[in-house]
Amino acid sequence: MTAVAERAAERREQAPGDGASVPAQIGVLTAHTVQAMLSDRRLLLLTLVEPLPMLLVFGQALSGLARVPGFPRGVPYIDFLVPALMVTTALQSGLQSATRLTDDLGGGLISRFRTLPLWLGSVLVAQSAAGLVRGLIRLVTLVVLAWALFGFRSRGGPLALVLAVAVSLAVAWGLGWLFMLLACWFRRGETLQAAAGLAMFPLMFASNAFLPVASLPPWLRAVAEANPLTHGVTAVRALVLGRPALPAVAATFALALLVTAVTAPIAVRRVRRTE
Amino acid sequence: MTVASAAARTPASAIETAALGKRFGEVTALDGVDLTVPHGTVLGLLGHNGAGKSTLAGILTTLARPTSGTARVAGFDVVADAHRVRRRIGVAGQFAALDDRMTPRATLVLLARLHGLGHRAARARADGLLELFGLTEVAGRTLRACSGGTRRRLDLAAGLTGRPEVVVLDEPTAGLDPVSRLTLWEVVRGLARDGAAVLLTTQDLAEADRLADVVAVLRRGRLVASGTPGELKARVGSRSVTVRPADAADTAHADRALRANGIVAALDPARGTLTVAAASSRQVTDVLRALDTAGIDPGDLTFSEPGLDEVYLALATGHGPDAALDAAPDTAPGTAPDAAPGGPVRGAA
Ligand SMILES: Nc1ncnc2c1ncn2[C@@H]1O[C@H](COP(=O)(O)OP(=O)(O)OP(=O)(O)O)[C@@H](O)[C@H]1O
Ligand SMILES: [Mg+2]
């Protein structure tokens, strides 16, 4: 062995070597992603006021709906509305994770990541974990504003409300993976937004979010009943209104898990593919 | 594990390719490249735009897969053992691989953390690299607000966060000011002294001459020569003769006249000169006779020992004694050329 080989070996010894473990990578990248998210002050501020127009417009414009057939008796429209807004907030939060991902995939850092001893799936997991933080911030903002300014009350008590937030986060998580898969496909933010816009409208309105399903025309009722968002809204609403919620809650968690189990591996495979 | 047992594991060559090929549809970017870079060596890869330098760098850094042949880096196959290769390489590509929204310090800390360093060690590593590349002053500025040279330097620093044993740099000094360039040269020499192997592509022949232990020239995806700068110069001819016709308009005319006599010259239209590798005075006479016959006044006549420029022009454009050069590829660095210097730059008959 020559002196050079020895020095090469020494160099090898000094190197961090195996790189960070996958959980450590996910931790580091999640912290990084959350920090990047929080450091965008303007975005944060917008996020904090965002629920106001929705609460105001939907709360005022649709309050007459409290008289349509099938509407739960004795429930103020705001208590009916807030669960729907919680689930649509989760939907938007998932979309935001995916948009962030297209930014990252279009940027230069990802090509450096490809030369690191890194499991690239970590980038996606970190993004979706950061999405949970984002979702939590948005949901808490929504609930607090609705409570302070619009008289929203959780009839199921505080614990049910916490569980309702958790169910909404499950929806955000599952949809986040679905949208991230689209992000890996489309690569471009604009294309993703267009595709999401196409899906968003029917998802939100062909559901029980703003109207009781019973009040819909039959064909739309069929669509609404098949809409996965309906399950989420049913679960969150039952919790908030203090009604039996267990089956709907379980169904929502199961659905979110199923969507994640199907979309996450495909998304990871796509993002890992070179060339 | 002790250093001794690691030494026993150290592969003979840091980079080893065999019949490496890469096709993009109809385009053959790399064609049968055999290359060996031992530890402690700097290899300068030269070649025209589109010669395949970045393609080779991409394969060695696991960004692209070869379509034929094999490549081993730090002893591991770049396809089958990509993950092990990635643990051991440092990369700075032709285009900066950075996030514009991040600061230099945050970038380096993140990368060091991903390499498995703890908080404190990562920060120390980042500070060391910022210092080394003169980035301390801009360390807290978002990259969007940094100059091109700053990005370039940060990208190079980023490539070294993991203390790599094989370093691949694609045109590392493009866009650097002279001071930064010298710094980089020193860093590269230091890496080699520490036992790392460095492959760097460059368009700057002076850089290759000064920095590289071995120079390899790619032409249209084929390796047309490799050896120490000294060997390559010796192979192209011990000296060259440059003429600058008194009348600049005669330059092209002179080129045709030489070609008609089977002599290929490297034309520099900007300076109006023609350079011909000439090992013996006989060949100088040939040049002069050819010009005289065509009625061209040779004007300024200078003799020079070959620089890498001549070597490169002869090799990369294909107007050179290919046969002689192709016959002796991969001479180990430091050994004397095995054959007598090639003949004069006669046209490929
Ligand atoms: N992704 C790709 N798809 C198709 N062709 C490609 C691709 N990448 C490279 N090529 C082709 O392969 C050849 C080699 O390209 P490469 O980028 O390796 O050249 P280079 O030597 O790095 O050039 P430069 O000095 O301009 O950086 C070129 O003809 C190029 O057009
Ligand atoms: Mg290139």
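Visitor: With which residue does the side chain of A:Asp79 meet in a salt bridge, and what is the N to O distance?

Guide: The partner is A:Arg155, and the N to O distance is 2.9 Å. The model is a predicted one, in which local features need pLDDT of at least 70 and side-chain atom pairs count only at pLDDT 80 or more, while totals for chains, interfaces and linings use all residues. Residues are numbered from 1 along each chain as its sequence is written, chains are lettered from A and ligands numbered from 1 in the order in which they are written, and side-chain values use heavy atoms, with hydrogens and water left out.

A salt bridge here is a side-chain nitrogen of Lys or Arg within 4 Å of a carboxyl oxygen of Asp or Glu. A:Asp79 belongs to helix H5 (residues 77-106) of chain A, and A:Arg155 to the loop between helix H7 (121-150) and helix H8 (157-186), so the pair ties together parts that are 76 residues apart in sequence. Helices (H or I, at least four residues) and strands (E, at least two) are DSSP runs, numbered from the N terminus.

A:Asp79 counts as buried because its relative accessible area is 2%. A:Arg155, with a relative accessible area of 44%, is partly exposed. The terms stand for under 20% (buried), over 50% (exposed) and the range in between (partly exposed), computed with a 1.4 Å probe and the protein chains only.

As for the chain that holds this pair, chain A has twelve helices and zero strands. Along the sequence it reads α-α-α-α-α-α-α-α-α-α-α-α. Its C-alpha trace spans about 90 × 40 × 35 Å along the principal axes, and buried residues make up 51% of the 275 residues in chain A.

Helix H5 of chain A also takes part in a link to chain B. The side chains of B:Arg101 and A:Asp103 meet in a salt bridge with an N to O distance of 3.9 Å. This pair crosses between chains: B:Arg101 sits in the loop between strand E6 (89-92) and helix H4 (104-114) of chain B, and A:Asp103 in helix H5 of chain A. B:Arg101 is partly exposed because its relative accessibility is 32%, and A:Asp103 is likewise partly exposed, at 39%.

Within chain B, B:Arg84 forms a salt bridge with B:Asp81, whose closest N and O atoms are 2.8 Å apart. Elsewhere, salt bridges that share partners join A:Asp103, A:Asp104, B:Asp99 and B:Arg101 into one network. Over all chains the structure holds 18 salt bridges.

The loop between E6 and H4 of chain B, which carries B:Arg101, also contains B:Gly93. At 23% relative accessibility, B:Gly93 is partly exposed. Between B:Gly93 and B:Gly230 the C-alpha distance is 28 Å, with 137 residues separating the two in sequence.

Chain B also provides residues around ligand 1. Of the 14 residues around the ligand, B:Gly50, B:Gly52, B:Lys53, B:Ser54 and B:Thr55 come nearest; a residue is near if one of its heavy atoms lies within 4 Å. Oxygen atoms of ligand 1 lie 3.0 Å from a polar side-chain atom of B:Asn49, 2.9 Å from an N or O atom in the side chain of B:Gln94 and 3.2 Å from a polar side-chain atom of B:Gln203. Taken alone, the ligand exposes 630 Å², and the protein buries 61% of that; such areas come from the Shrake-Rupley method with a 1.4 Å probe.

Strand E2 (27-38) and helix H2 (53-60) of chain B each supply at least two residues of this shell. The largest share, three residues, comes from H2(B). That helix is mostly covered, with seven of its eight residues buried, including B:Lys53 and B:Thr55. Just after H2(B), B:Thr62 takes a positive phi of about 65°.

Definitions and conventions
A polar contact is a pair of N or O atoms within 3.5 Å; within protein, one must be able to donate a hydrogen and the other to accept it, and residues adjacent in sequence count only if both atoms are side-chain atoms.
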